[in-house]
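I opened the notebook to record what I looked up. My entries follow the order in which I checked things.

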Amino acid sequence: MRWIWIDKFLEFHPGVSATALKNVSLAEEHLHDHWEDFPIQPVSLMIEGMAQTAGILVGQARNFREKVVLAKINKAEFTDIVLPGDQLKYHAELQTITEQAASTHGTVFKNGQQIATVDLMFSHVDQNMAGLKFPKENFVFTGQFLRLLAGFVETPVL
Amino acid sequence: MPMSKDEIFQKVKDVLVEALSVDEDEVTPEATLTGDLGAESIDFLDIVFRLEKSFNIKIPPGEMFPDNILNNPEYVAAGKLTPSGLARMKESMPHVDFTTFEKDPDVNKMTELFKVQTIVNYVSTKVK
């Protein structure tokens, strides 16, 4: 199993921007504990949703050759809470991409209203400065992630 | 009109305050990026991205901060930079002051080479 925190892409412009949608449902078990009397969507999972939206944008920009991992949260500012029944949209824009890393600017909308800014940095782990070695296969972009892009872009067989 | 060193320093300071979440008064010319300002490896890339945007310049990999020197056995032996490694660094990074470092070129002390002033020196060579 893999945690996927976006339901589908609404838009995908290769190398430029992407928008993903997430419906928050009380059927999701984490909301039963966070919190039992007042379920709200954890901010950490919304950052993860943005990281998945932006991370796929970054990965696709170089045809999924790199293993893209979240390396730094440059900014995460939320102005509202999110409840079961709310619909989230994650809009990510690619700002910079190089051999080693990428940065993205993200905006989160709740039922059409902007509620957050989430700016992230991603590292291409095979190009890390410490020279650490990682497995050859691309463990980041598995089939489940790539299927989200069906209908938007051609995805390679990894 | 070319930018003055003061203007460059101020913009570098703004970049570092944003990238490293430090207070303005911590960003002095002699402050080291890792030791004093707490930068980690990903922060160096973040700083490069922000400088490129802020000054509208291009910073090729390995030009401001070292790239693959530490992975090359010709340049590192027993935890120290070899004479050829040191020569390569000096040649490729003229904006860095090696005076103290070259007395004991321990790779663990390499991060101390990178100070706020180092970035100001580098940017000064790139902006016209």
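**Helix α2 of chain A**

I checked the length of α2(A) first. Its 19 residues should span 27 Å at 1.5 Å a residue, and the end C-alpha atoms are 27 Å apart, so the two agree. The expected span is 1.5 Å times one less than the number of residues. Helices here are DSSP runs of H or I with at least four residues, strands are E runs of at least two, and both are numbered from the N terminus.

I noted that this is a predicted model, where local features need pLDDT of at least 70, side-chain atom pairs count only at pLDDT 80 or more, and totals for chains, interfaces and linings use all residues. Residues are numbered from 1 along each chain as its sequence is written, while chains are lettered from A and ligands numbered from 1 in the order in which they are written.

Is α2(A) mostly covered or uncovered? It is mostly covered, with 14 of its 19 residues buried (20 or more other C-beta atoms within 10 Å of a residue's own, C-beta atoms being placed from the backbone). Just after α2(A), I found N63(A) with a positive phi of about 55°.

**Chain B**

I listed four helices and two strands in chain B. From the N terminus on, they run α-α-β-β-α-α.

Notes. A residue is buried if 20 or more other C-beta atoms lie within 10 Å of its own, exposed if 12 or fewer, and partly exposed in between; C-beta atoms are placed from the backbone.
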